[in-house]
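The sequence and the structure are shown first.

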Amino acid sequence: MSGIANILHRDTIAALVGGKAFERGQQCFRAGRVLGVEAAGGELCGLVTPQEAGRAPYEVRIWVREDGVAFECTCPIGSSRQFCKHTVAVTLAHLEKERQRAEAELVQLRDQLMSVSIKGLIEGLLDQARRDPAVHQALREVCTLA
Ligand SMILES: [Zn+2]
């Protein structure tokens, strides 16, 4: 995945825009005003329905520069280079999409694991633990919980 996904965390955005703008962006996202979001080539692009009827959707573009996150939005606030709520909403839509994708992959992985024998599963896990101390520790924790 592109660098954009690693940088655009919820907390990063909240800190960047401030609590109030973040709140408004969150409302915009929850109201379902983000029409679509697409991440490609280190860029995040999205369309947001304006609150005023009859206006064309705002086009949001977010990308990463050496000095941080850069953005563009075609709304009046965004075009004055301030981080607008649409930018926040598009970011939140992207994070939600990624979360859903990751969850779907886990469901698929679950099905695949179900078809592995217990012995094969344990050998596979031990092999991972041998290479990664974090896995080793995680497996120990699983044992104490079980
Ligand atoms: Zn905007």
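**Structural briefing**

Burial within the chain is limited to a stated share: of its 146 residues, 22% count as buried. The model is a predicted one. The points below cover secondary structure, dimensions and contacts, and the nonpolar core.

**Secondary structure**
- The chain contains 6 helices and 4 strands.
- Read from the N terminus, the order of elements is α-α-α-β-β-β-β-α-α-α.

**Dimensions and contacts**
- The radius of gyration of the chain is 20 Å, whereas a compact globule of 146 residues would have a value near 15 Å.
- Along the principal axes, the C-alpha atoms fill a box of roughly 60 × 30 × 30 Å.
- Among contacts with a separation of 6 or more, 52% are made by residues 24 or more positions apart.

**Nonpolar core**
- The largest nonpolar core comprises 23 residues, and Val 34, Val 48, Ala 89, Val 90 and Ala 93 have the most contacts inside it.
- At least two residues of this core come from each of helix H2 (10-17), helix H3 (19-30), strand S1 (34-40), strand S2 (43-48), strand S3 (58-65), strand S4 (68-73) and helix H4 (85-114).
- Helix H4 gives the most to this core, supplying 5 residues.

**Contacts of Val 90**
- Leaving aside residues up to four places away in sequence, Val 90 touches Val 34, Val 37, Leu 44, Gly 46, Val 48, Val 60 and Ile 62.
- Two of these partners, Val 34 and Val 48, are listed with Val 90 among the residues with the most contacts inside the core.

Conventions: Residues are numbered from 1 along each chain as its sequence is written. This is a predicted model: local features need pLDDT of at least 70, side-chain atom pairs count only at pLDDT 80 or more; totals for chains, interfaces and linings use all residues. The radius of gyration is taken over C-alpha atoms; the globule rule is 2.2 Å times the number of residues to the power 0.38. A residue is buried if 20 or more other C-beta atoms lie within 10 Å of its own, exposed if 12 or fewer, and partly exposed in between; C-beta atoms are placed from the backbone. Two residues are in contact if their C-beta atoms, placed from the backbone, lie within 7 Å. A nonpolar core is a set of buried Ala, Val, Leu, Ile, Met, Phe, Trp, Tyr and Cys residues joined through C-beta atoms within 7 Å.
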